[in-house]
Amino acid sequence: MREDLVPARGNERRYALAIFLDSIGDGLFITGTTVFALRVVGLSPQQVGLALSAAGIAGFLGASTLGRVADRFGPRRVMMVLCLVDALALLSYTLAGSFAAFTVAACLASATGFGKGPASSALVSTITTAERRIRLRAQVRSLSNLGFTVGAAFAGLALAIDTMPAYYALPIGDAAFVLLELLVIRGLPEIRAVVAATARRSFTALRNVPFLLTTALNAMLTIHTTLINVVVPLWILGPMGAPAPLISVLLMVNTVLVVVFQVRLSRGSESLAGSIRLARWAAAVLVAGCVIAGLSKDLPMVPGVLLIAVSVVLLTVGEMVQSGAAWGLFYELAPKQAQGEYLAGLEMSLAAQSILGPAFATWLVLTFGLFGWSALGGLFLGAAVLIGPAAQWTSRRLARLYPPAVKTEELPEAA
């Protein structure tokens, strides 16, 4: 191994550890958020839904604006500040005694959580080579799924204990893991693009029509997240009338597949053309998963369960391929002078999907059955067909907005 690659690989491992710790905390509290709101804060289910919808909007705003801050002050420094604010927001849940207080805590945690995304993506570009960044993101996503599963297991233990101290341990534990993440990130170098003052542009991403179109199309493709986590469970309990434990089994299947195959299924996304091609393949697999899920209704229990299991496997494969395509797409489009601002498009996609996807996809599927599933498949196909021209239009636009030459420097406080 070349000696100059050793520090880079060490930074990659440190970054992966930071995200793994963050994922354990996410699994710990996200799993128990609803129960915490109902039993500790005393909210109604409707109030919980409203608070989490508001949090989704706050997350979108955080993702769309904080990328620019990462470009200005450096992704490592911004990540550290956001981790600290995120930990404080999580601890504020323990003081929430009303709907308003819970909503404020949820919005702050969501804004910082989604806001860390652009800084985290930009940080990847500074600690590894262009050839390895997609592989690193895929490896980290596998670790994230593993970490989330570990956190969810701890949350299950706390919920089984069913005491107030156990419930309070959920946000406190999440905050503790976020602070550990901060300590690990502190050891990474701070490297950022250096451009002349005249070359700096403010919030061009939010005024770049082709880029916003690409982001919207990617948000449509990421509806697979809602299908696996929300729609399939509701389909199993409703139209299928299958046993509830099937949900946890299928979600574990999803997690295991991502841990094992995410890196392999992200190959080919190291270029813009390759990412577009993968997005199309992902859509084709997602369509098959949707149609098979729709066919599982009105069948005897055993064949119905087999079909929904095949559907979840296909949706998971589509999820992994589409994730790799999205990483490659946004990394190839993001100019070095504004990495955080344009990589925020990826987080904006996820945040937008979390706001609109659950209500839209659930209504479509539970109202229209197979036709609703097929309509979602058509949505995936349409987005995949359009995302290529939109991305190429974005690339041409950015080539005019930003000069190709840029250098980087390691800041004095770098580790």
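Helices here are DSSP runs of H or I at least four residues long, numbered from the N terminus. Residue numbers start from 1 along each chain as its sequence is written. A word of caution before the points: this is a predicted model, in which local features need pLDDT of at least 70, side-chain atom pairs count only at pLDDT 80 or more, totals for chains, interfaces and linings use all residues, and side-chain values use heavy atoms, with hydrogens and water left out.

1. Start with Ser 110, which sits in helix α5 (residues 99–127). Ser 110 counts as buried because its relative accessibility is 13%, where buried means under 20% relative accessible area, exposed means over 50% and partly exposed is in between (1.4 Å probe, protein chains only). Leaving aside residues up to four places away in sequence, Ser 110 touches Ala 55, Gly 56, Ala 58, Gly 59 and Gly 115; a contact here means heavy atoms within 4.5 Å. With Gly 59 there is something polar too: a polar atom of the Ser 110 side chain lies 3.4 Å from the backbone nitrogen of Gly 59. (A polar contact is a pair of N or O atoms within 3.5 Å; within protein, one must be able to donate a hydrogen and the other to accept it, and residues adjacent in sequence count only if both atoms are side-chain atoms.)

2. Thr 33 is buried, at 10% relative accessible area. A polar atom of its side chain lies 2.6 Å from the backbone oxygen of Phe 29. Not counting residues up to four places away in sequence, Thr 33 touches Leu 52 and Phe 102.

3. Now the charges. Side chains of opposite charge can pair when their charged atoms come close. The structure holds five salt bridges, each being a side-chain nitrogen of Lys or Arg within 4 Å of a carboxyl oxygen of Asp or Glu. One of them pairs Asp 86 with Lys 116, the closest N and O atoms being 3.3 Å apart. Asp 86 is in helix α4 (residues 75–92) and Lys 116 in helix α5, so this pair ties together parts 30 residues apart in sequence. Asp 86 is buried at 7% relative accessibility, and Lys 116 is buried at 5%.

4. Glu 181 belongs to helix α7 (residues 164–185) and Lys 116 to helix α5, so to speak distant parts of the chain, 65 residues apart.

5. Glu 319 and Arg 141 also meet in a salt bridge, at 2.4 Å, N to O. With Glu 319 in helix α12 (residues 301–333) and Arg 141 in helix α6, the pair ties together parts that are 178 residues apart in sequence. Glu 319 counts as buried at 7% relative accessibility, and Arg 141 does at 17%. Elsewhere, salt bridges that share partners join Asp 22, Asp 86, Lys 116 and Glu 181 into one network.

6. Last, the surface. Leu 143, Leu 146, Val 150, Phe 154, Val 256, Val 259, Val 260 and Phe 261 form a nonpolar patch with about 600 Å² of accessible area together. The elements giving two or more residues to the patch are α6 (133–161) and α10 (245–265). Leu 146, in helix α6, is partly exposed, with a relative accessible area of 38%. Patches are made of residues with over 30% relative accessible area and no salt bridge, like charges being joined within 9 Å and nonpolar side chains (Val, Leu, Ile, Met, Phe, Trp, Tyr) within 5 Å. Accessible areas come from the Shrake-Rupley method with a 1.4 Å probe, and for residues only the protein chains shown count as cover.
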